Amino acid sequence: MSGCRYPPDIITNTNIIGICDFDFSFFVKKIDTNQFFLDYDVTMNEESLDCASLEKLPFSELVRLADEYGVDVPEDLDRRFLIAELLELSEESEHLDEEMVISSSESGEEQPLVLSGNFNETQVSCVLRNPAWLFVFWNINDGDAARVKESPDGSLKLRICSLADAHDPKPYEAFEVQTATQSQEQYVLIPKGTKFIKVELVFMSAGAGEVLAFSPVVSIPQGSTFVNDLQPGRDTEFSPIMELSGMKEILAEQYRNHRHSFS
Amino acid sequence: MQKYFSLIIKASQDFIRHIDDDIRQNAPVLNSFYESISDVYIPLLNMLERFEQEEKKIRIGLVLPPVLCNMLSDDSLKEAYVKWLDKRIDLGKAELKRNNKNEKICNVIRSVVEENKARKADFVNKYESSLIPVFAKYMQNGYLELLGTCGTDIFMPHFADMKEVICAQIESGLHAYRQYFGIVPEGFWLPELGYAPGVEKFIRAYGYTYTILDSRSVLLAEKAPSSGIFYPCRTDNSLVVFARNRVIDGELFGENGIIFNSCYRNQNRDIGYESPMEQLSLVMEKGGIRYSTGYKYWNRHFSDEKHALYNEEEAKKQCESDAETFVNKRCETLAKAESLLPDFSFVSELCVLDISKLSKTWHEAMFWLEKVLSKAVDAGLSVTSCDSLCAEQYNLEKIEPYFSAGIGEGYGENLLSSRNCWMMRYIRKNCERMIDLAGRFPMDTGLKTRLLNLGAKELMLAQSSNLAKMINRSEFPQFAEKRFKESIAAFTAVFDSLGSNTVSTEWLTKLEARDSIFPWMNYRIFCKKR
């Protein structure tokens, strides 16, 4: 079992563009992404490409831009999805960091608003993204940050602890996830069968680990056995009323979207 | 056996600042709000008026979030809406001149102009620029059941461990419904149908009788109810639970969904997105962001330009046919449910529509909806709201619903995606701070109270899942991001001011005027619960 930066549905450079309320996932890239980045950088240098500038363009210009770089645009595509795709590609090409600055729509019009994401506290928190994935985020106070930086082999890890009971002091199972440099957030796949979980932020140095902070215990929802036992082609017998209620459709959707996570 | 078809219409709205410079900066999102008045709220009231005149026995559930009620009651927005309609009418006249050689396009334009004129007459004359009292009238007359909801559209599963936050949101929603409609609703709308085990305790504690869950929550419970989704069940604390039939979503938006019929109006091809800016100067600022104008001349027939011109009559005929198919499907499903549940006193099917979203995707949605309701009654179904189906509240089968949501991939994943997950650390940290502040200043008055109330409002605005959704969907993402950051920055300023015991009254007064929502706010709703 290991942690992962992103769940399958939001891994970058996948075929699916993202998550939306309606199913627009048919909008698929057919491009050599690396070549696109190279080409696109040229355009980017000539004229700044941000959301506001794209939203000023007529649809025909957006389509032309997309065509130029090999993005397949279905006839029925919503304008905002096309803009989102172009932006995503430009962001990837620029390797933007996660500094939170609002880009100004008009130069000199308004100063961008920057939020400080560091509250000078060492804290780790987690929120369920769904019953299979945990979103973990943390802060480090200045003192701890200095220790990590000054330690030659120092690093931060997340220790994912599965508990049998919410009040258990010790986990029955735990694994560690290396955090990405500069990042302060991570998606973690929850071990199958876990009922309670907590996350520790661990400072690793000289082969030893020191727990800097730990999260509250999170209860993992326990549902029907069908949720965690998805298998292709399995023809499960349901009562007629459950079938009429749409159980098969829900499980098919569950399999389609979550087969990598739930089973 | 009685067969019930229940419909719940959910409207969405985020708070848009609308004074001074904000009006120009927020023009695209304000445009979207005015479109909702024209395309949803007025047509909805007109539909109820016709049902009342025809004495049709129909009662539907409606969710009008407090933020929407606030904006619909705002005098400056009411005036701005009328001006917006005038501009659209003028744009239509200009379009008639520009297209004067194409009679078929002119017919489409005339129809849009007439529609805008009719909306203006309805809004100004018939409804006296105040839609909220009209909704209240139809509630009193029994055509509407108004469901309560949170102050803003908070996604509860992300805050399930912060009971003060959940309670503050529920309490603030209740205040709103008492203020706007003078009622305490029976039904509670979970924003985005986001359910996590435990939230039912808070909902029930505020006196609500029932809530709606996604069918996934009910069917994937460890022990699913024996009646499936066709009869209500209850949680351990006797909160009645109705499951929406998510199969209906497939019928509407699925691969061969109704809304994609080629004769329906193409909502993506608007002159606002296609014409040179010079031709749009009546409604848009040159060099500004493009947005919809309502002048859409094409249908969804993509392969043959000859047949691509929008034909309203043809679309309405198709709507009739689609409504009939839809109702037949409901009748068929309920008849099957009846035969499978012979010992139950009734069977019901619940359809939930996010009308704000639906109307933007499907121009004919309101026309279709009226036909559906009308045909359902004609077909012998009882079209009623959920509050009238709770008589057996304490005898219903008990379930422990599963974590689920009506968005994302079943669990609200789109609210915690790579595009918007950065928001979470700010919201949760400030939730912790707000709870702490409410405890530290429980009896304060004067400037501190004003500061704390402002902080509470800003936090609730930042908690709205609509902002995260907009960023994820790239729907005016710069607006959503700015709106979120401004609220977080304002809350942080409140927090710092209370810490340092200094405040700029000018700043405070300005922000109170700008974020005029929740005038009844009392920050103590965030106090720790014993």
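This is a predicted model: local features need pLDDT of at least 70, side-chain atom pairs count only at pLDDT 80 or more; totals for chains, interfaces and linings use all residues.
**Entry 1: domains of chain B**

I began with the domain assignment of chain B. It gives domain 1 as 2–72 + 130–265 + 321–395 and domain 2 as 416–526. I then looked up the separation of the two, and the C-alpha centres of domain 1 and domain 2 of chain B lie 28 Å apart. The contact draws 27 residues from domain 1 of chain B and 18 residues from domain 2 of chain B.

I next asked which elements give two or more residues to the side of domain 1 that touches domain 2 in chain B. They are α2 (27–54), α3 (66–72) and α7 (163–181) of chain B. Of these, α7(B) gives the most, with eight residues. I also noted the classes on this side of domain 1 of chain B: 12 residues are nonpolar, nine are polar and six are charged.

**Entry 2: the helix pair α16 and α19**

I turned to helix α16 (residues 447–462) and helix α19 (residues 505–514), both of chain B. Their axes come within 11 Å and cross at roughly 40 degrees. α16(B) is therefore oblique to α19(B), since an angle under 35 degrees would be needed for roughly parallel and one of 65 to 115 for roughly perpendicular. I recorded the crossing of α16(B) and α19(B) as left-handed.

For the residues involved, I found B:Arg450, B:Leu451 and B:Leu454 on the α16(B) side, meeting B:Leu508, B:Leu511 and B:Glu512 on the α19(B) side. By class, this contact has four nonpolar and two charged residues, and no polar ones.

**Entry 3: two serines with positive phi**

I looked up B:Ser129, which has phi near 60 degrees, a positive value in a residue other than glycine. B:Ser129 is found in the loop between α5 (103–126) and α6 (131–140) of chain B.

I then looked up B:Ser474, which is not a glycine either, yet has a positive phi of about 55 degrees. B:Ser474 is found in the loop between α17 (465–473) and α18 (477–500) of chain B.

Is B:Ser474 buried or exposed? I counted 27 C-beta neighbours inside 10 Å for B:Ser474, so this residue counts as buried; the cut-off is 20 or more. For B:Ser129 the count is 14 other C-beta atoms within 10 Å, which means that B:Ser129 is partly exposed. A count of 12 or fewer would have been needed for exposed.

Terms used. Residues are numbered from 1 along each chain as its sequence is written. Chains are lettered from A and ligands numbered from 1 in the order in which they are written. Axes are lines fitted to C-alpha atoms, for helices over the stretch in contact, and angles run from 0 to 180 degrees between N-to-C directions. Helices (H or I, at least four residues) and strands (E, at least two) are DSSP runs, numbered from the N terminus. Angles under 35 degrees count as roughly parallel, over 145 as roughly antiparallel, 65 to 115 as roughly perpendicular and the rest as oblique. A crossing is left-handed if the near helix is turned anticlockwise from the far one by less than a right angle, and right-handed if clockwise. Two residues are in contact if their C-beta atoms, placed from the backbone, lie within 7 Å. Ala, Val, Leu, Ile, Met, Phe, Trp, Tyr, Cys and Pro count as nonpolar, Asp, Glu, Lys and Arg as charged, and the others, Gly among them, as polar. Domain bounds come from an automatic or database domain assignment.
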